[in-house]
Each structure stands twice: as structure tokens, then as C-alpha cells.
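The sequence and structure follow.

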Amino acid sequence: MTGKRLLLLAGDGIGPEIAAELRRVVAWFVENRNLQVALEEDLVGGAAYDRHGTPLADSTLEKASGADAVLLGAVGGPKWDGVARHHRPEAGLLRLRKEMDLFANLRPAYCRPALQSSSSLKDDYIAGVDLMIVRELTGGVYFGEPRGVDRMPDGRRRGLDTQVYYDDEIERLLDVAFEIARSRRNKVTSVEKSNVMESGVLWRQVATEVGQRYPDVELDHMYSDNCAMQLVRAPTRFDVIATDNLFGDLLSDCAAMLTGSLGMLPSASLGARSEAGIRKALYEPVHGSAPDIAGKGVANPLAMILSFGMCLRYSLGLGAEAELLETAVDGLLSRGFRTADIAGPGDRAVSTSSMGDALIEELGDALERRE
Ligand code: IPM
Ligand code: MG
């Protein structure tokens, strides 16, 4: 493999703490697995706003677009609550997704056996949960125009957002979902609200059309409210869920909790494949910046680290290395290592850096067992 360029944007809140553990993991792969990457770093979100007066500097966007993959911690926090919307930390992340055209957001929810009892649902419901939410990430109500808060002639204030989807936006997202289903259990559930929303009617039509190109993959349709219910009622029925930006945001937080904690869930945001087969990509944990625990050294670094696992698999073509990392994570969990978010009654919660120590040790063990 020739050297790849990774850009690490630690961001705000617990971002820098989990990024510190990620750096150690990347260094381990460089040292022990001959991983050839250069890790560059920059600011995003509130940290960038404090330094540059914008949550995403143009120079950072340029570096991100030129990198083989971007690794992002988290953005946001109460410190920036009073800042104008377009300068809020979240606006930096949204601009990064939009400008890099990262339209397909993959959010796997996999219940690691050692964590079954950490879920807020009963063990029987979540044993065997292994699903993938494919969320549209650059369209819908997140970006639709017009939007804003204005004052009507009658004096009332009006808040306005626009949900809008074009057929090609839906089509390319569904294509990703079907392709992923082929590498899994061949089932796509397309989720919208076509009983109420026009964009949902189009979504269902396009999903059906795309589905005809994948006769080997089973397609079903579900309203988003029903999907929320089925996720907590019978989550093992799902393989791939394909849905829009806003529903995907909601449903992925819900799916995350099935697995024990939001602190465990990685994600990948992918762009279109170029002619050379390369696609822009950003990897980030599903959880946010968790300002309530930031700076205390108690955050769970595993979602960030598993996001790097997705980077190994999807951007660097190193599936076997990703498996090694996942095996090491399962290893430390089965040895009882727990940060506070996944600690059960009677478990002793360890710090962010102890979790990092345990992972480095497990990586060594996992490698020895494999060789
Ligand atoms: C997510 C987050 C973001 C989103 C925020 C931070 C803008 O909740 O990635 O799910 O709403 O997309
Ligand atoms: Mg969210």
C-alpha cells in the first residue's frame, strides 16, 4: 500500500479525549502492521470558531477534500449556544458533509455479545441485533430552502424548514443501501412517511424502481414511526434500513441504544465513487461532544476507534486489519473493561485512557493469536 493521508479533526467536548486514544491506535497499526498513513490534524466546530471565527476554515475544507479519509471526533457544546446559526459548531460539520458531498451515512448497530446486558432492553430482544442504517446525509430538511425564522404581516413569528428530495438523491442513496445489503443478509427496508409527506411518496417510488435492479435483495417499505417502534420491539428483523436525513438522525440514535450505549457506535459517511474507484469519506462516532462529561477522562473512546475500523475497511481496503481491531474491542469487553456509559451495576468503570491501554494490549494479544 502506498502512503495514505488521513486528516484528524478532534473537535469539541470529549472529541480531543477520544482522539488521543485514536492516535495511539493509529500509531500501533503503523508500528505493528506496517500501515502507511500520514496523520494530519486540524480544528473543526467550536474549537475552529474560537480560533478562526468560523466552525470550518476554508483551508481545513481543502485539506479534508484532499485527504484519503477524514476522522472526526465531535462538535458542539453550550459554550457556543449564543453564536449565530451559520457559525455554530454543527454548521461546520454540516458544511463538511455537504461540500464533500458525503451523501451516504452508514451507521451499523451491532450488539456485541459482552454488552447485551448494558442495553436498556431485555437481553432476549437484542441478542443477535446486527443492522445497518444507511442515512441520506446531504439533502432533505437539513439543507432545504427556504428556511428561517421571520415575522409575518400579521405580527406572528414563523419558523420554516423545507423537506425536499430529488429522485437522483434518493436513487444514489438506495444504490448504496442495496450494495451493502448484498454483502450482508440481502434485505433492505426503505423508511419514509409517504402516508403524510410528498417527499415520502417519491422516496417510496424511487426505492421500488431501484429495487428492481437488485432482484436478489428483498425490499420492504415502512413508515418511520412504525420503524421506531419495530426497532425496540423486534430489532433483529432488520438488515439494512435506508432512510432520509432527519429520520436517519432519529432512528440511528434509537438503534444505537439497542447495542448498549451511544458510546459504542461508529459511522462512515461516503461520497460517490470516482472513475478510479475512490470515494471521499469521513468517519465519526455517532455520539456527540457530550459536554457534561468533557474533560473528565471518562468518555468511551470505542465508537471513535471503531470508526477508524470502518476507515480501515472502506477507505484503506484493509478488512483484515479492521477485523483485528474489532476482535481486540470484543476482547477487552469480555475481560470486563467498561467506561461509565457501559458499566453495569457492580462493574468498576475505567477511564478513557485505561480503555486505550487495554485496547493496545488486546491488539498485541489478538495479533499473536492470529500469527
Ligand atoms: C449526527 C448529529 C448531527 C446531525 C448534528 C451534530 C448536526 O446529531 O451526526 O447524528 O444532526 O446530523
Ligand atoms: Mg444525531
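Which residues are around ligand 1? In this predicted model, they are E90, R97, R107, R135, Y142 and D249.

**Ligand 1**
- R97 places a polar side-chain atom 2.7 Å from an oxygen atom of ligand 1.
- For Y142, an N or O atom of the side chain is 2.6 Å from an oxygen atom of ligand 1.
- For D249, the corresponding distance between a side-chain N or O atom and an oxygen atom of ligand 1 is 2.8 Å.
- Ligand 1 on its own has 320 Å² of accessible area, and the protein covers 76% of this area.

**Strand β12: burial**
- Strand β12 spans residues 279-285 and is mostly covered.
- Six of the seven residues in β12 are buried.

**Strand β12: pairing**
- With strand β3 (residues 69-74), β12 pairs in the parallel sense, over two bridges.
- V70 has L282 in β12 as its bridge partner.
- With strand β11 (residues 266-273), β12 pairs in the antiparallel sense, over six bridges.
- P266 has P285 in β12 as its bridge partner.

**The β11–β12 hairpin**
- β11 and β12 form a hairpin, with five residues between the two strands.
- In the turn, G277 has a positive phi of about 85°.

Terms used. Residues numbered from 1 in each chain as written. Chains lettered and ligands numbered in written order. Predicted model: local features only at pLDDT ≥ 70, side-chain atom pairs only at ≥ 80, totals over all residues. Heavy atoms only, no water. Near = heavy atom within 4 Å. Polar contact = N/O pair within 3.5 Å; in protein donor to acceptor, adjacent residues only side chain to side chain. Areas by Shrake-Rupley, 256 points an atom, 1.4 Å probe, with all protein chains shown as cover. Buried < 20%, exposed > 50% of the residue type's maximum accessible area, 1.4 Å probe, protein only. Helix = DSSP H or I, 4+ residues; strand = E, 2+ residues; numbered from the N terminus. Pairing = 2+ DSSP bridges.
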